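Dear colleague,

I am handing over the structure below, and my notes on it follow directly after. Please read them alongside the coordinates.

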Amino acid sequence: MKNRKSINFAAILATVLIAVSCQTSVNNTNQTAVNNSPQQKTSDNIPDRKWWKEAVVYQIYPRSFKDSNGDGVGDLKGITSKLDYIKSLGVDVIWLNPIFASPNDDNGYDISDYQEIMKDFGTMEDFDELLKGMHERKLKVVLDLVANHSSDEHRWFQESRKSRDNPYRNYYHWWDEEKGKPNKRVSFFDVNGDAWKYDEQTRSYYLHYFSQKQPDLNWENPQVREEMYKIMRFWFDKGVDGFRMDVIPFISKDTTFPPIPAEFKDDWGAFYSHGPHRHEYLQEMNREALSKYDVMSVGEAGVPSEEALDYVDPARKELNMFYHFEGVGLGYMPNSKKIIDPNGWSLIDFKNVYSKWDSVFAEKGWGTIYLGNHDQPRMVTRWGNDSPEFRELSSKMLSTFLLTMRSTPYYYFGDELGMNNIKFDKIEDYKDIESINWYKNIKESGGNLEEFMASQKIAARDNGRTPFQWDSTTNAGFTTGNPWLKVNPNYQTVNVAAQEKDENSVLNYFRKTAKFRKENPVLIYGTYTLLDKENPNVYAFTRELNGQKILVLLNFKAQEASVNTGFDLSKAKVLLGNYAVPSIGERLKPYEVVILEL
Ligand code: GLC
């Protein structure tokens, strides 16, 4: 106790001295320079520090990052050639979407061999070289484990479907025809929505929550679980630093397949997330694989906030972190994942969701935060403003939000450039099975296709999957061939090469803000308090740690807006902002962000 007090006192003294010697520094071009003096005082007295809590994760969709061989598809060698760029961002962990052998029905989320590299992406040697290059640069690598289902082209499934007594039969969920049609399960990607597919060969149905080519593995079978742990250990032994786990709460199923209880009628995902043995299996996975290495684990799939802690409470020994879908789910029409109203969310709802999720991990456990990924549209289009006037400012504002919350930020490649939705007009331009099959489904059921296509311009996953924009040469420098998905035509101006030259670019702002987070543990570990809760325009919150208090003000609107923080801001010190002359006071300019020390 005594020791603790004296450390704090010394730290406060140090800060006073630093504050006296550092004026608020503002440059006269476009954005506020970083004044990150407060760092020294908060790095002590932090319990339970972990590298994965302090990391900024950068997600790469390998298909779209950099093509090294001109076949129009990004690959591992392409990523290796850009490691210095990745390092220059100031991120720590790279999460790669699935890179395993796959026929690509769902771009790698249908794995046909968990210990081979997808041909489009290269070879195992390419992977080893990439891993080496990353580790040499002190970057960690997280792979994407798709454990709930495999591809129907996986050897296990090929065997399983051969006969009812095949040794692999029980690796999947089969329902023999004589038992009658199984109770309904809805498939997310199927044209007719049916998750049971009849297979002639053995006169049985198999289960597929996603496409027909993604049969669900039977985790109730201990052999399947052991196979998965073996696969995990294989990659960990190679040096991989963790796994992002696709739809992980879906793994356990009641194999009597009872009717869906009424409470889950309109929310299949929530029902699928409530399998009877999910926690047992995650604890087993932890014992058999995760706990043997210093690795990170993050689970994907929507679970309600009241249940989230059960997955990440360290005492339960399951996973480190979990995503939630509540934030990115705002704005969809009731009972529809397909139709979105771009203005159908309010900042007050947004603040409530993120504040609620912060409170889940206030005492123990740890959260994640993201606004974009390969299943989401571009963050600036969805949550900011992609008009020429505000694309840069609002991108910077959103990046600041992600980098100042108490959770590990998962930052999606391309958002550091302010890349925005491509907004295809024609269904033929889409390559994603989700958009294509939903289109067919709506067409066949006589639904409103115009409404669907308009909605896809905002929400379709392909918006977030267009090739990365390196420079203004053909195909944005992504490929010398034909890109697998169209390049956003704005690459002529929105690209790395152009932004490297501009010290006020979105790219350089991201670098600066990521560094700022690193240097200020208060932004990682400090407590979070929402201010001015009912303010419809401004998101204001404080972060506090060991006597240091930081105020973050984010104007989410294209107009000037006021905020009432209850503090006297005239004496506050500006640490970072996205305008040349930051506002100090209660009024903020459009999409302005200001970080102040109180
Ligand atoms: C997850 C993935 C998504 C994929 C689905 C099926 O939600 O993020 O891209 O389509 O699972 O594997």
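Leaving aside neighbours within four places in sequence, Asn-555 is in contact (heavy atoms within 4.5 Å) with Met-397, Asn-537, Val-538, Glu-560, Ala-561, Leu-588, Lys-589, Pro-590, Tyr-591 and Glu-592. This is a predicted model, in which local features need pLDDT of at least 70 and side-chain atom pairs count only at pLDDT 80 or more, while totals for chains, interfaces and linings use all residues. Residues are numbered from 1 along each chain as its sequence is written, and side-chain values use heavy atoms, with hydrogens and water left out.

Asn-555 belongs to strand 16 (residues 548-555), where helices (H or I, at least four residues) and strands (E, at least two) are DSSP runs numbered from the N terminus. Because its relative accessibility is 0%, Asn-555 counts as buried, a term that stands for under 20% relative accessible area, with exposed being over 50% and partly exposed in between (1.4 Å probe, protein chains only). A polar atom of the Asn-555 side chain lies 2.9 Å from the backbone nitrogen of Lys-557, and a polar atom of that side chain also lies 2.9 Å from the backbone oxygen of Gln-559.

Turning to helix packing, the axes of helix 10 (residues 305-312) and helix 11 (residues 347-360) come within 9 Å and cross at roughly 40°, the axes being lines fitted to C-alpha atoms over the stretch in contact, with angles that run from 0 to 180 degrees between N-to-C directions. Helix 10 is therefore oblique to helix 11, since angles under 35 degrees count as roughly parallel, over 145 as roughly antiparallel, 65 to 115 as roughly perpendicular and the rest as oblique. On the helix 10 side Ser-305, Ala-308 and Leu-309 take part, and they meet Lys-356, Trp-357 and Val-360 of helix 11. The residues of this contact divide into four nonpolar, one polar and one charged (Ala, Val, Leu, Ile, Met, Phe, Trp, Tyr, Cys and Pro count as nonpolar, Asp, Glu, Lys and Arg as charged, and the others, Gly among them, as polar).

For helix 5 (residues 124-136) and helix 7 (residues 222-238), the axes come within 11 Å and cross at roughly 55°, which means that helix 5 is oblique to helix 7. Met-124, Phe-127, Asp-128 and Leu-131 in helix 5 meet Phe-234, Trp-235 and Lys-238 in helix 7, and the residues of this contact comprise five nonpolar, no polar and two charged.

Finally, the buried residues of helix 15 (residues 449-459), among them Phe-452, Met-453 and Ile-458, pack against helix 12 (379-383) and helix 14 (433-444).

Best regards

Methods. Polar contact = N/O pair within 3.5 Å; in protein donor to acceptor, adjacent residues only side chain to side chain.
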